[in-house]
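Hi everyone, thanks for coming along. Let me put today's structure up on the screen, and then we can walk through it together.

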Amino acid sequence: MGLIQSWRWYGPNDPVSLWDIRQAGATGVVSALHQIPHGEIWPKDQIMERKKLIEEARLNWVVVESLPIHEAIKTRNGDCEKYLENYRISLKNLSACGLKTICYNFMPVLDWTRTDLSFSLPNGAKALRLDWVELAYFDKYILKRENIQDAYSSEILDELERRRHQINQEKAAQLEEIICMGVPTEGSVSVASLRESLEIYKEIGKDGLRNNLAHFISSIAAVCEEEGIKMTIHPDDPPFPILGLPRIASSLEDLTWIVDAVDRPFNGVCFCTGSLGAGESNDLPNILEAVGNRVYFAHLRNVIKDSLGNFYESDHLDGDVDMVKIMKILVRLNQSSASPIPFRPDHGHQMLDDLKKTTNPGYSGIGRLKGLAELRGLEAGILFGM
Ligand code: DNO
């Protein structure tokens with residue numbers, strides 16, 4: 001039994017079509033109803049409509065990514081119970097439509113964060129990149145957060161002083177747009193609301209956020225177990241506290257804390273090699289071995305870091321993540337899993353004809369096709385050699 005080779009599809013507005021996905025060789029689709037505001041109930045008819053579109057192209061909707069967690073749940077404010085109830089209803093509706101694997105994240109306010117969405121590689125392709133100096137620039141001069149010196153190394157702060165005059169207004173506006181962007185189709189946050197959220201999360205801190213996550217998982221446990229749903233938490237991307245926001249899904253210690261907090265099989269992990277791979281001290285094969293029996297979904301991509309911790313997204317098989325080792329472990333986990341584990345090439349370079357197109361950042365067709373082709377070749381080679 002092989003892994004399910006999958007592909008993220010943003011829905012009918014995605015410039016990459018379902019037929020492109022079929023041509024790329026994926027069989028599974030990972031999708032979400034991005035048009036529904038965070039926290040609102042996903043109605044059965046809209047879920048079925050999406051499912052029908054996917055099945056008409058003879059593909060299977062294998063993972064819901066994401067069923068987003070409303071901020072009221074993350075911060076456990078007065079509206080928390082209302083949104084938990086909505087979440088449970090959405091889960092039941094998804095399950096009634098046959099959707100049983102759900103991906104979510106518990107990152108405060110912002111989903112993944114980068115500072116450059118078109119970093120030029122030596123071969124002319126473009127990649128996503130995070131530059132700590134640019135992030136510190138946003139933090140200090142746009143967000144205007146005070147006392148940021150503890151949040152960055154002295155090398156980064158020195159570099160910031162050296163480089164800050166090179167960052168003109170246009171570059172600063174671009175940085176603000178990129179950092180405040182969440183999932184493109186779900187809208188951005190404003191700097192003002194980000195400031196307010198920072199205050200709220202300062203009070204909550206890491207322990208508070210962990211407790212709120214445990215509360216969330218416990219509150220959906222009964223529904224997940226009745227319905228046979230598997231929840232998979234996506235790691236923090238990048239796996240460091242950014243802009244003073246607490247992080248709780250960044251390391252081996254975090255992920256084991258999460259699976260132990262509600263020690264039931266439904267409480268699982270989306271193993272994202274690119275997110276975890278950006279962490280200096282993360283040993284990915286070790287993490288995958290440790291939480292492997294709870295990994296029900298994988299995002300496979302690679303990163304190359306420099307000595308300051310800056311990183312860019314590299315070719316899927318070529319970077320700091322030992323993808324061969326990871327794939328070997330995944331193939332083994334898959335052999336002992338009750339149902340096949342879906343993986344998707346997570347992000348791809350903007351390359352060839354896609355350099356002339358606008359796609360969702362990281363989600364070009366050709367770059368991901370290349371990633372999928374390499375990854376499925378790797379899997380086949382491992383299976384063949386077994
Ligand atoms: C980025 C994605 C994330 C991911 C969510 C899961 O490209 O990996 O946006 O979908 O964090 O909730």
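How far is an oxygen atom of the ligand from an N or O atom in the side chain of His347? The answer is 2.5 Å, which counts as a polar contact (a pair of N or O atoms within 3.5 Å; within protein, one must be able to donate a hydrogen and the other to accept it, and residues adjacent in sequence count only if both atoms are side-chain atoms). The ligand alone exposes 330 Å², and the protein buries 99% of that; accessible areas here use the Shrake-Rupley method with a 1.4 Å probe, and for residues only the protein chains shown count as cover.

A quick word on the background. This is a predicted model, where local features need pLDDT of at least 70 and side-chain atom pairs count only at pLDDT 80 or more, while totals for chains, interfaces and linings use all residues. Residues are numbered from 1 along each chain as its sequence is written, and side-chain values use heavy atoms, with hydrogens and water left out.

Back to the ligand. Around it are 15 residues, and Glu65, Ser66, Asp111, His347 and Tyr363 come nearest; a residue is near if one of its heavy atoms lies within 4 Å. A polar side-chain atom of Glu65 is 2.4 Å from a ligand oxygen, and for Asp111 that distance is 2.9 Å.

Now look at the backbone. Glu65 and Ser66 are joined by a cis peptide bond, with omega near -10°. Ser66 belongs to the loop between strand S3 (60-65) and helix H3 (71-75). Helices (H or I, at least four residues) and strands (E, at least two) are DSSP runs, numbered from the N terminus. Another cis bond links Asp237 to Pro238, with omega about 0°. Pro238 sits in the loop between strand S7 (230-234) and helix H9 (252-261). Why point these out? Because most peptide bonds are trans, and most residues other than glycine have a negative phi. Asn147 has a positive phi, near 50°, and is found in the loop between helix H5 (132-142) and helix H6 (154-163).

Last stop: charges over rings. The charged end of Arg129 sits over the ring of Phe119, 5.1 Å from its centre. Lys230 does this over Tyr296, at 5.0 Å. The cut-offs are NZ of Lys or CZ of Arg within 6 Å of the ring centre and within 35 degrees of the ring normal.
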